[in-house]
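Work through the exercises below with the sequence and the 3D view at hand. Try each task before reading its solution.

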Amino acid sequence: MANPESPPQTQPPDGGWGWMVVVGGFIVTGCTAGIFRSLGVFFLTFSQQFDGSSAETAWITSILMSVMFFLSPVGTALASTIGFRPTIMLGGVLSAAGYIISGFATRMFHLYLGIGCLTGLGYALTLSPVMAIVGQYFTKRRALANSLTMLGSSVTSMAFPPLFQYLMDEFGLKGALLIIGGIMLHMVVAGALIRPLEAYKDRTGPKKPRNSRMNDSDTVLETGTANKCSAAATKFLKTFWAQMDFKVILIPAVALFLTSLFLVSLGVIVPALYIVPRAKQLQIEDYAAASLLSVISIADMVSRLAVGAIPDNSRFSRFDQYGLSLCLLGISNLLFPLAKSYPALVAYAIAHGAFYGAFIPTSLTCVAELVGPKRLPSAIGILMSIQGFASLAGPPFAGWLYDETKSYDATFLQAGAGFLLAGLLPFLLRLRKKQPADTTEEETETPHTVKGENETLLVSARETAV
């Protein structure tokens, strides 16, 4: 394993200040994923006020997610260069600025630039770094820590849909977007809670450059001279390329898992984006339609807590949990066209939220198990970049399906098919893992090897079971 190579000061504490980092992550996920999952409340308002089709309106969320995913490697590299705390705080300011500027939009294109590009950049500087630092603080309790961190998106997406509907009714679209911009500034406070792992563990002696990226970053920040700023820029570029460790893609198991996440990303935001317009199409009252997003979030929250509390089991691994939850998520979306009334939509919302909440935390845990904590920031960056390609096409394609068919059934069927296929792929990992199990289990000692994905999977399974 990686223990002989890791210096003592980098051992994850599995607690301590790590729980405050989880609190910061809770706020960040609540202000990022929680808000863009609630943007479906604005979908018809955007479309009507700016006279756009469903496909054109869907580009707002699509650009937001793709920019966030594409620039996530930049976020992790910047966090490793100047520190996680200032990076996340900067991202909070940019995210707020995007919504505030969008409040003064007069054309759909302005929303693309404000909410899409600027807020997307802010999300990239917050979400990816906070997930990386949480993963570095925990090993045995990583599943629980990830679940609690991602729980923020469930809590806020439960409260925000009716709140956003109320803000539009009381203050109009402009006032609602300005208030959301103020809410985004909470991420600046969350960033202040983030502390580098090395600074938490062992910083008793004189501060001097060491091999750790974060120690070097602190030295750069504390001097503040022009030369050091230039050095920081150079270090950022080097760190960015070092962080983009594309060798992990050469591991067949990692490549298969990333393919699964690509398929998920094609439709992951589609249900949350179109369930409110579908409900209003069925003549359901505005607040009742918005409450469907809250129902999804309540089921999502319960599911995330349950998944985090499930102990590791060698017979039913996190990969199996990930695959099963996605298969069930796909089936529930394939059955969505049968929901023709509000109670039926509530039943769908409960099923969708439960299965969605089960797959999100297990996906992060699976990535950590595949690549190990040392490569986790790089893996998260690459993972989000790949998801960016899918996110750029998924929502507009779903909107185009509605424009062509005048029915939201096709959008949910497209999402359900992607979820189901993505859920079947991880079960191939179990098949690949079983065949060489008797001959390689004693020989594998490093989770970071590129050659031989079977070694990676076997060692990761043993580490998780400890």
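The exercises that follow concern a predicted model.

**Exercise 1. Helix length**

Solution: 

**Exercise 2. Covered helices**

Task: Find out how many residues of α8 are buried and how many of α18 are, and list buried residues of α6.

Solution: 
- Step 1. A residue is counted as buried when its relative accessible area is under 20%.
- Step 2. In α8, 11 of the 11 residues are buried, and the helix is mostly covered. Among them are Leu127, Pro129, Met131, Gln136 and Tyr137.
- Step 3. In α18, 22 of the 30 residues are buried, so this helix is largely enclosed by the rest of the structure.
- Step 4. The buried residues of α6 include Phe84, Ile88, Leu94, Tyr99 and Ser102.
- Step 5. Ser102 has a relative accessibility of 2%, so it counts as buried. Its C-alpha atom is separated by 9.8 Å from that of Leu118, 16 residues apart along the chain.

**Exercise 3. Salt bridges**

Task: Find the salt bridges in the whole structure and state whether Asp300, Arg37 and Lys280 are buried or exposed.

Solution: 
- Step 1. Side chains of opposite charge can pair when their charged atoms come close.
- Step 2. The cut-off for a salt bridge is a nitrogen to oxygen distance within 4 Å. A search of the whole structure finds 3 salt bridges.
- Step 3. One pairs Asp300 with Arg37, with 2.8 Å between the closest N and O atoms. Asp300 belongs to helix α16 and Arg37 to the loop between α2 and α3, so the pair ties together parts 263 residues apart in sequence.
- Step 4. Asp300 is buried because its relative accessibility is 0%. Arg37, at 7%, is buried as well.
- Step 5. Another pairs Arg278 with Asp409, with 2.5 Å between the closest N and O atoms. Arg278 is in helix α15 and Asp409 in helix α20, so the pair ties together parts 131 residues apart in sequence. Both Arg278 and Asp409 are buried.
- Step 6. Lys280 and Asp286 also form a salt bridge, their closest N and O atoms being 3.9 Å apart. Lys280 counts as buried at 18% relative accessibility, whereas Asp286 is partly exposed at 33%.

**Exercise 4. The largest cavity**

Task: State the volume of the largest cavity and which element gives the most to its lining.

Solution: 
- Step 1. Searching the whole structure gives 5 cavities of 30 Å³ or more.
- Step 2. The largest cavity has a volume of about 370 Å³.
- Step 3. Its lining has 23 residues, and those nearest its centre are Phe69, Met150, Tyr356, Ile360 and Gln387.
- Step 4. Elements that give two or more residues to this lining include α4, α8, α9 and α19. The most comes from α18, with 5 residues.

**Exercise 5. Loops and surface**

Task: Locate Asp51 and Gln283, and list the residues that make a nonpolar surface patch of about 540 Å².

Solution: 
- Step 1. Asp51 lies in the loop between α3 and α4. Its phi is positive, near 55 degrees, and it is not a glycine. With a relative accessible area of 70%, Asp51 is exposed.
- Step 2. Gln283 lies in the loop between α15 and α16. Its phi is near 65 degrees, again a positive value in a residue other than glycine. Gln283 counts as exposed at 71% relative accessibility.
- Step 3. Glu285 is also found in the loop between α15 and α16, and is partly exposed at 45%. Its C-alpha is 9.9 Å from that of Tyr342, a residue 57 residues apart in sequence.
- Step 4. The nonpolar patch is made by Phe316, Leu324, Leu328, Ile331, Leu335 and Leu338. Of these, Leu335 is found in the loop between α17 and α18.

Methods
Residues are numbered from 1 along each chain as its sequence is written. This is a predicted model: local features need pLDDT of at least 70, side-chain atom pairs count only at pLDDT 80 or more; totals for chains, interfaces and linings use all residues. Side-chain values use heavy atoms; hydrogens and water are left out. Patches are made of residues with over 30% relative accessible area and no salt bridge: like charges are joined within 9 Å, nonpolar side chains (Val, Leu, Ile, Met, Phe, Trp, Tyr) within 5 Å. Accessible areas come from the Shrake-Rupley method with a 1.4 Å probe; for residues, only the protein chains shown count as cover. A salt bridge is a side-chain nitrogen of Lys or Arg within 4 Å of a carboxyl oxygen of Asp or Glu. Helices (H or I, at least four residues) and strands (E, at least two) are DSSP runs, numbered from the N terminus. Buried means under 20% relative accessible area, exposed over 50%, partly exposed in between (1.4 Å probe, protein chains only). On a 1 Å grid over the protein atoms alone, a cavity is a set of points where a 1.4 Å probe fits but cannot get out, and a pocket is an open set with protein on both sides within 12 Å along at least five of seven lines; lining residues have an atom within 4 Å of a point. Grid points are joined across faces, edges and corners, and a volume is the space filled by probe spheres set on the points.
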